[in-house]
Amino acid sequence: MSSSKRKLNRRGFLKGAAASAGAVATFTIVPRHVLGGPGRVAPSDTFGGALIGCGGRGGGTFREMSKGLNVVKLADCDVKFKNRADNKKIYTDFRRVLERKDIDVIAIATPPHWHALIAIAAAEAGKDVLAEKPMTRTIAEGRAIVNAFDRYKRVYQVGTFGRFGISKGAGNILTHKIMASGLLKNTEACYVRRGGFKVKQWSGKATIAPTPVPPNLNWDMYVGPSPMKPFVPTRVGGTHRWYWDYDGGGLGDMGQHALDPINWLFARDHTSPVEIEAYAPPAHPELAGMWGWSKLKYADGFTLVLESGEWGEPSGMKSRPPKLDDLSEADRKKVNNMPNPAPLLTFGEAVKVRGQAGGHPEAAHRTACLMHLTNIAIRTGRKLHYDPVKEQFIGDAEANRLAYQPMRAPWHL
Amino acid sequence: MADNTNVEQLVASIPDLDKHGKVDGPKPDDANKTFEALLTGGRRAIDKLLGMIREVDNGEDWKARYVLHGLAHYVCQSSKAEQRGLLVDAIVAKVKSDAPKNVKAALIRELQVAGSAKTVPALGEFLADDELYTWAASALLAIGQASAGEFRKALPGATGRVKATVIQNLGLLGDARAISAIKQAANDGDPDVRLAVCGALANIGDEGSIDILIRASNTKGWERMQAAKACLVLAEKLAAAGKKTPARKIYRHLAETRKDDEKYIRDIAAAAIG
C-alpha cells in the first residue's frame, strides 16, 4: 500500500465522514468488503473480529489471531452465555456471528468437536480463521476444512506455531529438502517422538455421574454434532479432552503441537502414513485412555514413532535422521540445487496478501491425521493400512467408520 | 461353554481404576484372552455380558461397558466373522427387547462399531423413536449404503429434527432413489429441514434440483449462506459429470445475485464460468 493510501486509514475515513454528516451515532466498523480486500484499494487496515469459544484458550487464540493485524473485537460467542446473550456483542449461536458483515476474522477456541464445523461455516461466510489446536476430531473433518478453504479462498491457520521456528534452521532446511526431494526410496530414516502428549492427564475418569445442566449453558448447542449424552460436569471446561465425543485425549489434543514441526521438518505436509500400528490397551467406549507407542510408516519407508512414555514398554525404535549420504552423488547434487522452501507466512501476513498461512489447512490436516490414525489404531486394536490419497483405510471398513464419523443433525460436513 | 460365573469373573479381571479413577487397561494380549474366553462361552456368555450394562451410566458398570466395546472392535478383525455374527445377533436381540432406552443407546453404539447390512432392519425401527433415532441414524450411516432403504422408509412419517436427520443422511449416502421424497420437504416450515433438503440434493448431484437450490439461495442470513454452498456443491458435481450447461446456470445465478458483501462467492462463480 502506498504511503498516501495508508494515510487514508479507516479511522480517518470515518472521522471525515462523520464530520461531513455532523454527527456520529455509534462507532461502527465498516467491513473490509466495503472498503477494501483482494483486488481492491483498502483505505483501512482495521479488521472486525469475533471470538467463538471464550473459555480456556479463547483470549490467547484471539490475541494470536490479531498479531500483525489491527483487529477490533466485535463479538464474543459461547454456549455458556445463555443467560446474557444480546445478539449484538454477546452470542450463544455462532451462526448469528457469522451472519454479520462487519466481521472479517474469526478466532475459534471451542472444544475440538466444533472446530471443523465452525471453521467451514466461517469460510462459507467469507471470513478468515485462526482456530485453536487440534485442528479436528476426525480425518473427514480435516479434508472438509481443506476443501472449504480451497473453495472459498479464505485464510486458515491452526493454533500451533512450532513450524515457524523449526523452518528457519539451516540443518532443518536440509532435512526438509532431502525428504521433500522424493529421492529417498525405502529409507531407514526414523524419528522417535517421546513424551509431551499428556496421556494420563487427559485420559478420562470412568465413574462420574450425570448432574443437572447448569442454567447458563446451552447443552444442546455444546454437544452439537456429537451424540447427545446426559450432562456430566467433566464434559465441559478443559476436561472435555477426556471424551472421544469432543477430542482425542492427550494425543488428540497436544499432538498438533508436538507433531506439526516434525511434519514440516520431514516434508509430510501433503501425505500421510501407509501403515499404522499401536501398542495400547483396548479403548473405553467414551473415554480416551492410555497407550504405549505408535509406529507410523510412510510409503518412502520413513517411520515416525510416537511414544507416550506413560504406559507399557517402549517401542525399542531409535531416531535415525535422513542424511545426504543416503543419496547417490547425482541425487545429492539435485538436493543441493533445490531452492530453499519459501518462508512461512503468519496468519496476519497471509490475510493481508491473501496468501497461504504457514499452518494452512492441508498441512494442519496432515498433522492432525497422525493423531487420528494413531487413535484409530488404538481404538480398533488392529494394525492398519491406509491410502493417503483416498484417505481411507484399506480393507478395513470398520476403521473407516472412525475416520468418517456420523454427526448429529442438523450438523454435518 | 462358559457359565455365568465365568463371565462375571472375566469382566472383573479387568484391572481396577487407578487412584485417580482412570482406566489403566490390561495389556493387549491379556485383553484378547478375555475376549476369546467370552466368545468361547457362546451366546449365553454374550447375553450375560449384555445384561451387565446398567440403565444409568454413572461408571458403576464401567468394566462391562469396557469389555463389550473392546469385544465389538475385536470381532471386526477379518478372521472373526463368525464371532462377529454371534455378538451382533446378541446385541440386536437385546435392543429389540424391553431393555431400558439408555441401555439400548449404549448397545446401538456398539452396532455402530460392529453392525453390518444384516443389522440394518433392526436399527431402522428406531428411526421413529424420539429418544433413540440419533443413535440409530449414526449406526446406520456408519454401516453405509445398505442403510438407505431404512432412511427412505422412515422419511414419510418423520417430522422436525428426525426429518432433518433422515434427509441429511439420505444425502450423505447419495441416495438418488430418495430425490423425489426429499424434494417434497423443500418448503418445510423448519429451516433445518429445508437446509437438509438443499444439502442432500446437492450431495446426490441431482440436475433436476437446480431451481430448488437457487430459490433457497435467495433467502437471508445463515440459510442463504448454506444454500449458496449447496449450489456450489451441486454445480461442482454437475461440472465433474460433464453437465456443463446446468452447472453454468447455477454459477450464473450466483454471479448475478450475490451482493457486494458476497463478492467472494461471485468470484468463485465467475472463475467457474471462465
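Two strands count as paired here if DSSP finds at least two bridges between them. Strands themselves are DSSP runs (E, at least two residues), and helices are runs of H or I with at least four; both are numbered from the N terminus. The model is a predicted one, so local features need pLDDT of at least 70 and side-chain atom pairs pLDDT 80 or more, while totals for chains, interfaces and linings use all residues. Residues are numbered from 1 along each chain as its sequence is written, and chains are lettered from A and ligands numbered from 1 in the order written.

- Strand β8 (residues 275–279) of chain A runs antiparallel to β9(A), with five bridges between them; Glu275(A) has Lys297(A) as its bridge partner in β9(A).
- β9(A) and β10(A) make a hairpin with five residues between them, and Gly301(A) in the turn has a positive phi of about 100 degrees.
- Four of the five residues of β9(A) (293–297) are buried, meaning 20 or more other C-beta atoms within 10 Å of their own, with C-beta atoms placed from the backbone.

- The contact (C-beta atoms, placed from the backbone, within 7 Å) takes 32 residues from domain 1 of chain A and 34 residues from domain 2 of chain A.
- On the domain 1 side, β5 (128–132), α7 (139–152) and β6 (156–159) of chain A each supply at least two residues, and α7(A) gives the most, with seven.

Technical notes:
A residue is buried if 20 or more other C-beta atoms lie within 10 Å of its own, exposed if 12 or fewer, and partly exposed in between; C-beta atoms are placed from the backbone. Two residues are in contact if their C-beta atoms, placed from the backbone, lie within 7 Å.
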